[in-house]
Amino acid sequence: MIVNFALSFIFASLALSSPLTSSNPLGLGGQFDVFARNVAISSGCSTTGTASCHNTSAVSNTCCFEAPGGLILQTQFWDTDPSTGPSNSWTIHGLWPDNCDGTFSENCDPSRDQSAITSLLESAGATSTLSFMQTYWKNDPDDGSDEELWSHEWDTHGTCYSTLEPSCLPSGSPSGTDAVAFYETVVRLFQTLPTYTWLANQGITPSSSTTHTLTSLENALAAEAGVTPMLTCDGSNLNEIAWYFNLKGSIIDGTFVPIDSPVDSDCPSSGIKYPLKTGSPVSTTSVSSTTTTTTTTGTPTSTGTPGPLPTKAMIVAIHNGAQVGGLLTLGTWSTQTLATMTLAGSTSSFTMTSSKGSCGVSGGELTCGSGVSATSFTAISSGGSLLVASGGSTAFSSSAVPSGETVETVFTGSSEAQTYTLAIVST
Ligand SMILES: *[C@@H]1O[C@H](CO)[C@@H](O)[C@H](O)[C@H]1NC(C)=O
């Protein structure tokens, strides 16, 4: 029997604790079902217990408690020499399990190493994750192929997670399910950490001339994310970031709890450059939240030449190929009468204003109102529509699909259960 595992919708059960986002884990506790074409792997672990590195006595079940590597870093590159990935996004480096004291283990189980990651993900039905990785998980071409980096990250770091031990997976899981779950989680977590957009929201964009103090960069990111990351520089050039977490439950479907970096950034205190990337802003819809297909949600497409930006528009939501309402004046998603937005700027950078005030993204949440500072969006031409993109991604998500009088908070990226795009319709 061929079993396709589409882990892509397990992310519905991932919840990032406040302050980054709030979401309602669906608590997918269902058993492994070999008869379903798309199977949500569920760890069966609770996400309400003690966070990793916070236990005061030994925890015996390390399938549901990450140990010893419970200090987890989601690392991202800003590579400009040569440039890799979209010009308006940081790229994925990896997801590393440090020990609670900052030491770490590597290469924990060579018997579980993987090299053919593309075919592993394809045969697991994880094609939307693969597609996302092809755009956002880039190796320095001087160091090797993207797939070599993906393989290296699993072999070196992924095999060290206690909660991904094969004995912790649902019985009957094919070999390699541990690695597939790892890649799914890395992508899902990265989508909640839009470093580029967060800096841009705070007025910090790449430049060949501007310099920054370390404090200003850290404060800008902390204002958006609620926690302070660890920055790394290559000389005076900003080059890498690490977002730190503890974990409740399993890497498969646990809750990542954001924490301040326990270590100092490795950058000069001033004179830091955030260099421009060459290339273009690429938009791709990200991991699909749908549970019914294994089709990709869009290979990366060039931005093409979008039509002109209207000055007055409604913003409609496209969910599973159909229009379902759109944005109200507060920037929420509903099927009630849609707001007329005023758009200012060009497709490469515009602001959006409703009758309530400017629309902006803060902490991953879209709102419009008098106290909101405007965020710059881009408009991406796709299939004859002009889509709103934030931080280069056209994916937006909410915990549920609205109907009748209900109103849903709109988040950037696809961290919430229902993912959709927002199309600009001239009025
Ligand atoms: C936390 O649990 C892990 C796993 O059982 C154990 O190795 C570690 O010593 C525990 N920490 C404390 C402070 O007891």
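Start at the ligand: around it sit Asn55, Thr56, Ser57, Ala58, Val59, Thr62, Ala67 and Pro68, each with a C-beta atom, placed from the backbone, within 6 Å of it. This is a predicted model, so local features need pLDDT of at least 70 and side-chain atom pairs pLDDT 80 or more, while totals for chains, interfaces and linings use all residues. Numbering runs from 1 along each chain as its sequence is written. The ligand shell has 4 nonpolar, 4 polar and no charged residues; Ala, Val, Leu, Ile, Met, Phe, Trp, Tyr, Cys and Pro count as nonpolar, Asp, Glu, Lys and Arg as charged, and the others, Gly among them, as polar.

Zooming out, the protein chain has 6 helices and 20 strands, taken as DSSP runs (H or I, at least four residues; E, at least two) numbered from the N terminus. Of its 427 residues, 53% count as buried, meaning 20 or more other C-beta atoms within 10 Å of their own.

Now look at α3, residues 146–156, where Asp146, Leu149, Trp150, Ser151, Glu153, Trp154 and Asp155 are buried. Their cover includes β2 (91–98), α1 (117–123), α2 (127–136) and α4 (177–190), with contact counted when C-beta atoms lie within 7 Å.

Two of those covering helices, α2 and α4, also pack together, at about 60° with axes 10 Å apart; the axes are lines fitted to C-alpha atoms over the stretch in contact, with angles from 0 to 180 degrees between N-to-C directions. Thr129, Phe132, Met133 and Tyr136 of α2 meet Tyr183, Glu184, Val187 and Phe190 of α4. By class, that contact has 6 nonpolar, 1 polar and 1 charged residues.

Conventions:
A residue is buried if 20 or more other C-beta atoms lie within 10 Å of its own, exposed if 12 or fewer, and partly exposed in between; C-beta atoms are placed from the backbone. Two residues are in contact if their C-beta atoms, placed from the backbone, lie within 7 Å.
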